[in-house]
Amino acid sequence: MKNRGQAPSRAVGGRSSGPQGTRLFAAEDLRQYAGEAGAGSSGRASVREPVLEGSSAGLAGRRFVLRTGRQTIGRRDDNDIVVNDPSVSASHAWIINQQGHYVIMNTLSTNGTFVNDRRIHETTLQHGDRIRLGQAELVFLTREHGAPAPARLRRILVGLLVLAALGAVAWWLLA
């Protein structure tokens, strides 16, 4: 069969090209490129780049940077976040970034998904939430341990303290 009007497929740098010059990559090449693309991450927790930090045996100290879109969590190697624990299902849960809010969703796992010791099907995560997948435990972080609360929260707290002080002075004056 002839290639009617199409350029012949040829190897470019060890990779073959499709009829319109589309590069074809092996799965291993894609994993390598994905790893290099993710290498720009510092691994530090932030609101824009939250992390899951392992807290149980076998996971302690390991960090998984969350990105936009949906990430799968499970024991199988093809998950975005691989948790090699026998109590974790092959495909245990999803974490989805929905307009800046991270939602964890159980995907019919055998041992369930728990957030702050409460079994969930789906819930929005907050800084410091403790996640348990089977016996594996992780913590959702949007800032580093010991980091001060965001400035907006501090302003609200200061405003509440000022209002409480003014209320106390008014009560003292009226008494």
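This is a predicted model: local features need pLDDT of at least 70, side-chain atom pairs count only at pLDDT 80 or more; totals for chains, interfaces and linings use all residues.
**Salt bridges**

The structure holds four salt bridges.

| Salt bridge | N to O distance |
|---|---|
| Arginine 76 and aspartate 78 | 2.7 Å |
| Arginine 130 and aspartate 117 | 3.4 Å |

Take arginine 76 and aspartate 78. Arginine 76 has 43% relative accessibility, so this residue counts as partly exposed. Aspartate 78 reaches 54%, so this residue counts as exposed.

Now take arginine 130 and aspartate 117, whose side chains meet in a salt bridge. Arginine 130 lies in strand 12 (residues 130–133), and aspartate 117 lies in the loop between strand 9 (113–115) and strand 10 (118–120). The pair therefore ties together parts that are 13 residues apart in sequence. Arginine 130 is partly exposed at 43% relative accessibility. Aspartate 117, at 56%, is exposed.

**The chain as a whole**

The protein chain has two helices and 13 strands. Buried residues make up 30% of its 175 residues. The accessible surface comes to about 11900 Å², and 55% of that belongs to carbon and sulfur atoms. What about contacts along the sequence? Among contacts between residues at least 6 apart, 30% join residues at least 24 apart.

**Rings and charges**

How many aromatic pairs are there? The count comes to one. Tyrosine 102 and phenylalanine 140 form this pair, with 6.0 Å from centre to centre. Their planes stand 50 degrees apart, and the pair is tilted. Tyrosine 102 belongs to strand 8 (residues 101–106), while phenylalanine 140 belongs to strand 13 (residues 136–141). They are 38 residues apart, so the pair links distant parts of the chain. Are tyrosine 102 and phenylalanine 140 buried or exposed? Both are buried.

Two arginines sit over rings. The charged end of arginine 70 is over the ring of tryptophan 94, 4.2 Å from its centre. Arginine 132 lies over the face of phenylalanine 114, at 4.1 Å from the ring centre.

**A buried threonine**

Threonine 123 is found in strand 11 (residues 122–124). Why does threonine 123 count as buried? Its relative accessibility is 18%, and buried means under 20%. Beyond its neighbours within four places in sequence, threonine 123 is in contact with Tyr102, Val103, Ile104, Val115 and Arg118. Tyr102 is also a member of the aromatic pair.

**A nonpolar patch**

Eight residues were grouped on the surface as a nonpolar patch: Leu153, Ile156, Leu157, Val158, Leu160, Val162, Leu163 and Leu166. Together they have about 750 Å² of accessible area. Leucine 157, one of them, lies in helix 2 (residues 151–174). Leucine 157 counts as partly exposed because its relative accessibility is 44%.

Key:
Residues are numbered from 1 along each chain as its sequence is written. Side-chain values use heavy atoms; hydrogens and water are left out. Rings of Phe, Tyr and Trp (its six-membered ring) pair if their centres lie within 6.5 Å; planes under 30 degrees apart count as stacked, over 60 as edge-to-face and the rest as tilted. Helices (H or I, at least four residues) and strands (E, at least two) are DSSP runs, numbered from the N terminus. Buried means under 20% relative accessible area, exposed over 50%, partly exposed in between (1.4 Å probe, protein chains only). A charge sits over a ring if NZ of Lys or CZ of Arg is within 6 Å of the ring centre and within 35 degrees of the ring normal. Patches are made of residues with over 30% relative accessible area and no salt bridge: like charges are joined within 9 Å, nonpolar side chains (Val, Leu, Ile, Met, Phe, Trp, Tyr) within 5 Å. Accessible areas come from the Shrake-Rupley method with a 1.4 Å probe; for residues, only the protein chains shown count as cover. Contact means heavy atoms within 4.5 Å.
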